[in-house]
Amino acid sequence: MLMTAVGGVMWLIFTAMLALAIVAFVMAAIFRQDAYRAADKQNKGFWLIILGIAVAVNLFVPMLFLQLAGLVATIVFFVDVRPALQQVSGGKGFRRRRGSSSDGPYGPWNGGR
């Protein structure tokens, strides 16, 4: 009984690692190439290859050491690269700003009327 519980927990951990790697890969693909250069990070192709390898290892190679290396690359992307890319892109990642282009920080700007 204990072995099946441990197996279930390990399956859950591996599934979470795969999901994180897939999300990071998609996010890396969405950002523009020039955002990587402006943020002074490695280029887009580098991150797509690294995160693609992380996804492939999680799917096809059941070696914990390689899966942990992919997890480290995924965490580095989420913690370091993604915030820098969002800052360079003006915060325009996956959130859309609502309102008019004439809105100020506290609401619509009406020219003092």
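Visitor: Before we start, what is a salt bridge?

Guide: A salt bridge is a side-chain nitrogen of Lys or Arg within 4 Å of a carboxyl oxygen of Asp or Glu. Lys41 and Asp80 make one here, with their closest N and O atoms 3.1 Å apart. Keep in mind that this is a predicted model.

Visitor: Where do Lys41 and Asp80 sit?

Guide: Lys41 is in the loop between α2 and α3, and Asp80 is in helix α4. They are 39 residues apart, so the pair links distant parts of the chain.

Visitor: How many salt bridges does the structure hold?

Guide: Two. Arg32 and Asp34 form a salt bridge as well, at 2.6 Å from N to O. Arg32 counts as exposed, at 58% relative accessibility. Asp34 counts as partly exposed, at 32%.

Visitor: Step back a bit. What helices and strands are in the chain?

Guide: There are four helices and two strands. Along the sequence the pattern runs α-α-α-α-β-β.

Visitor: And how much of the chain is buried?

Guide: The chain has 113 residues, and 23% of them are buried. Its accessible surface is about 8200 Å². Carbon and sulfur atoms own 67% of that surface.

Visitor: What share of the contacts comes from residues 24 or more positions apart?

Guide: They account for 61%, counting contacts with a separation of 6 or more.

Visitor: Now the inside. How many residues are in the largest nonpolar core?

Guide: It has 13 residues. Those with the most contacts inside it are Ala28, Tyr36, Trp47, Leu51, Phe77, Val81 and Leu85.

Visitor: Which elements give two or more residues to it?

Guide: Helices α1, α2 (33–38), α3 (44–60) and α4 (64–88) do. The largest share, four residues, comes from α4.

Visitor: Why would nonpolar side chains gather like that?

Guide: In soluble globular proteins, nonpolar side chains tend to be buried together.

Visitor: Let's look at α3. Which of its residues are buried?

Guide: Lys44, Trp47, Leu51, Ala54, Val55, Val57 and Asn58. Trp47 and Leu51 are also among the core residues with the most contacts.

Visitor: What span should α3 have, and what does it have?

Guide: Its 17 residues should span 24 Å, at 1.5 Å a residue. The end C-alpha atoms are 24 Å apart, so the two values agree.

Visitor: Next, Gln67. Is it buried or exposed?

Guide: Gln67 is buried, because its relative accessible area is 5% and the cut-off is under 20%. Gln67 belongs to helix α4.

Visitor: What is Gln67 in contact with?

Guide: Phe14, Met17, Val57, Asn58, Val61 and Pro62, leaving aside neighbours within four places in sequence.

Visitor: Follow up on Phe14. Where does it lie?

Guide: Phe14 lies in helix α1. Phe14 counts as partly exposed, at 28% relative accessibility. With neighbours within four places set aside, Phe14 is in contact with Leu64 and Gln67.

Visitor: How far apart are Phe14 and Asn58?

Guide: In sequence, 44 residues. In space, 7.3 Å from C-alpha to C-alpha.

Visitor: Last one. What is the phi of Asp40?

Guide: It is near 60 degrees, a positive value in a residue other than glycine. Asp40 sits in the loop between α2 and α3. Lys41 is in that loop as well.

Visitor: Is Asp40 buried or exposed?

Guide: Asp40 is exposed, because its relative accessible area is 68%.

Terms used. Residues numbered from 1 in each chain as written. Predicted model: local features only at pLDDT ≥ 70, side-chain atom pairs only at ≥ 80, totals over all residues. Heavy atoms only, no water. Core = buried A, V, L, I, M, F, W, Y, C linked by side-chain atoms within 4.5 Å. Buried < 20%, exposed > 50% of the residue type's maximum accessible area, 1.4 Å probe, protein only. Contact = heavy atoms within 4.5 Å. Expected span 1.5 Å × (residues − 1). Areas by Shrake-Rupley, 256 points an atom, 1.4 Å probe, with all protein chains shown as cover.
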